[in-house]
Amino acid sequence: MALKIIVSYDDTDNDRDALALGRLLALPGAELSLAYVRHSFGESLDQHAAEALLAHGAESIGTPDMPKYVVINPATSVGLGELVEQEGASILVFGSEYRTAKGLVKPGISAHKLLLGGNSAIAVAPAGLWSESELTVDTVGLIDEGDLAARQTAESLATALGASVVEHGSGRVDLLVVGSRKEAPEGKVVLSAASDYAVEAANYPVLVIPRGRVVGFT
């Protein structure tokens, strides 16, 4: 089965960063798609405007026919979680929170909620990633939390990118793979306090893996 990656997208600069990270992770054979969650209250975009927003995102990377989803749910995190289940997606990609300083990672409210029990891997892009002329990954950092699935995911991604795997804190990192804490239910994302700190301190893309679930890139 092809790896499915969904980018949470609202056409802001931060979500263009998410789209850049999604493109990086969508290696040959993977399916990249965009999703926007409409709310039933106080929503400024109607269905047509939401579809146009996603179409603009798809066109910006030269793939106008890529899958696009407009989801209606009062909670963005819940709507995206349900879409992941429906589509069998392995990775959900977010940009950093609005007004995050360039180069830093700061998960927004929806991403943070899914980092506390989400059912897919969660990737977060640093602010300003979209503006980088060329995205290259030579080293994949790893915090495995004792979970072999996280290590296997890092090794698979590194192989696909022609990169090497290094333990977090032992050298330069271009992208960080983080495992979920030992107490996390199987197949769920739950960060430990130490890993949460590592994510907040990152200045490179971060990919957090559900406990016991390998994300294969090769």
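Guide: Leaving aside residues up to four places away in sequence, W130 touches R16, D17, L19, A20, S60 and I61. The model is predicted: local features need pLDDT of at least 70 and side-chain atom pairs 80 or more, while totals for chains, interfaces and linings use all residues. Residues are numbered from 1 along each chain as its sequence is written, and side-chain values use heavy atoms, without hydrogens and water.

Visitor: What makes these residues contacts of W130?

Guide: Contact means heavy atoms within 4.5 Å, and R16, D17, L19, A20, S60 and I61 meet that for W130.

Visitor: Why is W130 called partly exposed?

Guide: Its relative accessible area is 33%. Buried means under 20% and exposed over 50%, with a 1.4 Å probe and protein chains only, so W130 falls in between. W130 is found in the loop between β6 (121-124) and β7 (139-143).

Visitor: What makes S8 a lining residue of the largest pocket?

Guide: A lining residue has an atom within 4 Å of a pocket point; a pocket is an open set of points on a 1 Å grid over the protein atoms alone, with protein on both sides within 12 Å along at least five of seven lines. S8 is one of the 25 residues that line the largest pocket, and it is among the closest to the centre, with D10, D15, T76 and S110. The volume is about 610 Å³, and the largest share of the lining, 4 residues, comes from α4.

Visitor: Which residues lie nearest the centre of the second largest pocket?

Guide: They are L129, E132, L135, D174 and P205, of 16 lining residues. That pocket has a volume of about 210 Å³.

Key: On a 1 Å grid over the protein atoms alone, a cavity is a set of points where a 1.4 Å probe fits but cannot get out, and a pocket is an open set with protein on both sides within 12 Å along at least five of seven lines; lining residues have an atom within 4 Å of a point. Grid points are joined across faces, edges and corners, and a volume is the space filled by probe spheres set on the points. Helices (H or I, at least four residues) and strands (E, at least two) are DSSP runs, numbered from the N terminus.
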